Structure formats: C-alpha cells, structure tokens
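I opened the file to look up a few contacts, the ligand site and the overall fold. My notes follow in the order I took them.

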Amino acid sequence: MLGDAPAERIARLEQRVRELEDELDQARARLLRLTEVSEAKSQFLNMASHELRGPLTVLTGHLSLLEDGAFGEVPERFAGTFPAMNARLAEMESFINAMLEASRLDDDRLHLLRSTVELRSIVEEAMQRNELFLSPGQHLVLDASPVPLLVDVDRERVVLTLSNLINNAIKHSVRHTDVRVEITAGDGVASVSVVDQGIGIAAEHLPILFTRFGRVRSDPAVARLSGTGLGLYLAREFARAHGGDITVVTAEGEGSTFTLTLPLAA
Ligand code: ADP
C-alpha cells in the first residue's frame with residue numbers, strides 16, 4: 001500500500017467514492033419509499049376516520065331512537081341486545097377518535113384546549129368511564145393525595161390518556177386482580193400511576209409499546225383482545241404536548257405500572 005504509485009491510490013480512492021455514492025443513492029431511495037408509505041398511512045388514517053364517522057353517527061342515532069321507543073314498542077328479546085350494541089358502538093367511536101387524533105398529530109394539527117383543573121376530578125372521570133369493563137369482584141381503587149393538585153391541561157385529552165392506561169390495566173389483568181390508581185406530587189410535578197398485577201410486558205417488547213400501531217400479542221390470554229395499537233402512542237404524545245411524559249415499570253407475569261407526569265399549574 002505504502003509503495004503504491006500515486007495514480008493507483010487515486011484510482012482506488014475514486015472507486016471508493018463511487019461505491020459510497022451508490023450506497024447514498026440506495027439509502028435515499030429507501031428513505032423516499034418509507035416517506036411515501038408513512039404518508040399513505042397518514043392519508044388512510046385521515047380518510048378512514050372521516051368516512052367511518054358519518055355512518056357511525058347515523059347508527060348511534062337510530063339505535064337511540066329505537067331504545068326511546070320512537071318506532072314503537074321494542075320486543076323484549078330484542079331490547080336485551082341494546083347494552084351490547086351500545087358497548088360495541090362506543091368501542092367503534094373510540095377507535096375512530098383515536099384514528100382522527102393520530103392523523104391530527106401526523107399533520108401537526110393537535111391544538112390543546114387548556115384550562116386549570118383539579119387533577120383528582122380528571123382521574124375520577126377516567127376511572128368512571130372504565131367501571132363497566134371491570135369483572136365481577138374486581139375493583140378500581142383510588143389512592144390520592146389529600147392536597148388538591150391543579151394542572152393546566154386539555155381536560156378531555158388527559159381524561160382519554162388516563163382512561164387508556166386504566167383500560168389497558170383492566171384488559172391485561174387476566175386473573176381479574178384489582179387495579180390501583182395513585183396520585184402523588186413533588187418538585188412541581190404531579191404523577192398519576194396506574195398499577196396492575198396483570199400479565200406484565202417482556203423487556204424485548206418495550207421498544208414498540210409507544211409506537212404508532214405497536215401491539216404485543218405473544219401471550220395467548222390476550223391474543224384476541226381488541227385494540228388499534230394507537231392508545232399508548234397517543235397517550236405519550238398527549239403527555240409530552242403538555243410538557244409531561246409517560247413511563248412504564250413492568251415485569252413479565254407480575255404486572256405493570258404506567259405513570260403519567262404533568263407539570264403542576266404555576
Ligand atoms: P392496544 O391496547 O390498542 O393494543 P396500546 O397502544 O394501548 O394498544 O398498547 C400497546 C400494547 O402494549 C398492547 O397491545 C399490550 O400488548 C401492551 N400493554 C399496554 N398496557 C399494558 C398493561 N397494562 N399490561 C400488559 N401489557 C400492556
């Protein structure tokens with residue numbers, strides 16, 4: 001190498017430059033494909049959520065009229081299906097809303113509607129929304145600091161964030177163990193932890209939890225649970241938009257603790 005003539009060394013360097021240029025071209029082409037796929041996903045989210053919303057509103061409206069007797073008396077056997085139908089429609093509505101929110105995030109259209117509120121009232125609302133998913137004998141327990149904690153937040157989005165964490169905790173508590181919600185504060189930060197004794201999450205799956213559409217389906221006990229994989233992605237994006245975050249401590253087979261932190265109002 002040391003004894004090479006300058007012309008040979010230049011030729012080798014030129015060859016290397018050409019190879020690097022080829023690699024760069026290939027990387028650019030891959031990036032372009034990924035960008036196109038990602039844009040197509042965003043467009044699909046936006047289109048599907050808007051297109052599904054209309055028919056769902058019509059279905060919900062007609063079901064509610066039917067329930068109220070607007071079309072005459074409903075046979076008892078049919079009326080018994082109302083709770084199940086309402087629960088399914090509510091599930092579809094929450095999927096569609098999650099898709100809409102994800103498409104807003106993709107296009108930087110997420111605007112927070114902030115007001116100063118007491119954290120406990122938000123936590124209680126999120127808990128209430130999930131009571132119907134509890135199994136018989138299973139409890140949702142609140143352990144809150146007695147001091148009122150004020151936060152400056154988009155109330156509905158924080159309720160959705162916490163509701164998602166609580167719903168996940170209930171869904172993954174396959175032995176129907178209780179779920180605890182703890183509110184604490186310190187150093188200008190409020191924390192809400194949702195603690196379950198469910199199936200937990202293996203360390204190898206942690207990197208995908210908060211990604212768009214990221215789901216773990218290795219445990220047969222939860223393989224058929226419904227979900228979009230958007231919940232934790234949105235939850236963390238909402239938390240970060242408020243200057244907070246969501247973290248998780250978990251052990252497979254022992255349970256998980258998801259913690260939302262939010263800055264306390266000044
Ligand atoms: P989804 O619930 O729609 O599947 P999420 O984004 O809310 O999507 O959650 C992503 C994945 O994280 C879930 O599919 C599940 O595998 C895992 N997960 C979330 N919360 C828990 C929990 N409390 N215990 C065990 N696994 C969980």
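**Entry 1: a working cut-off.** I count a polar contact as a pair of N or O atoms within 3.5 Å, and within protein one must be able to donate a hydrogen and the other to accept it. With that in hand I looked at Arg114, whose side chain reaches the backbone oxygen of Asp152 at 2.7 Å. The side chain of Arg114 also reaches the backbone oxygen of Ala241, at 3.5 Å. I note that the model is predicted.

**Entry 2: the rest of Arg114.** I placed Arg114 in strand β1.

**Entry 3: Ser115.** I found Ser115 in strand β1, which covers residues 114-118. Ser115 has 33% relative accessibility and so counts as partly exposed. Not counting residues up to four places away in sequence, Ser115 touches Val151, Asp152 and Val153. For Ser115 and Leu150, 35 residues apart along the chain, I read a C-alpha separation of 9.9 Å.

**Entry 4: Ser42.** I turned to helix α1 (residues 6-67), where Ser42 sits. Which side chain does the side chain of Ser42 meet in a polar contact? I found the side chain of Asp106, at 2.8 Å. Asp106 is also in the contact list of Ser42 beyond four places in sequence, together with Ser103 and Arg212. Ser42 is at 14% relative accessibility, and I call it buried because the limit for that is under 20%.

**Entry 5: the ligand site.** I went through the 20 residues around the ligand; Asn168, Asp196, Arg215, Thr228 and Leu232 come nearest. By class, I have 6 nonpolar, 10 polar and 4 charged residues in this shell. Next I noted polar atoms facing the ligand. Asp196 has a polar side-chain atom 2.9 Å from a ligand nitrogen. For Lys171, a polar side-chain atom is 3.2 Å from a ligand oxygen. Gly229 takes part through its backbone, with a polar atom 2.9 Å from an oxygen atom of the ligand. How much of the ligand's surface does the protein bury? The ligand alone exposes 540 Å², and the protein buries 97% of that. I then asked which elements give two or more residues to the shell, and found α5 (155-171), α6 (231-241) and β7 (255-263). Of these, α5 gives the most, with 4 residues.

**Entry 6: the whole chain.** I counted 6 helices and 7 strands. From the N terminus on, I wrote their order down as α-α-α-β-α-β-β-α-β-β-α-β-β. The radius of gyration is 25 Å, well over the 18 Å that the globule rule gives for 266 residues, so I describe the chain as more spread out than a compact globule. The C-alpha trace spans about 95 × 50 × 40 Å along its principal axes. Of the 266 residues, 33% are buried. Among contacts with a separation of 6 or more, 70% join residues 24 or more positions apart.

Definitions and conventions:
Residues are numbered from 1 along each chain as its sequence is written. This is a predicted model: local features need pLDDT of at least 70, side-chain atom pairs count only at pLDDT 80 or more; totals for chains, interfaces and linings use all residues. Side-chain values use heavy atoms; hydrogens and water are left out. A residue is near a molecule or strand if one of its heavy atoms lies within 4 Å of it. Accessible areas come from the Shrake-Rupley method with a 1.4 Å probe; for residues, only the protein chains shown count as cover. Ala, Val, Leu, Ile, Met, Phe, Trp, Tyr, Cys and Pro count as nonpolar, Asp, Glu, Lys and Arg as charged, and the others, Gly among them, as polar. The radius of gyration is taken over C-alpha atoms; the globule rule is 2.2 Å times the number of residues to the power 0.38. Buried means under 20% relative accessible area, exposed over 50%, partly exposed in between (1.4 Å probe, protein chains only). Contact means heavy atoms within 4.5 Å.
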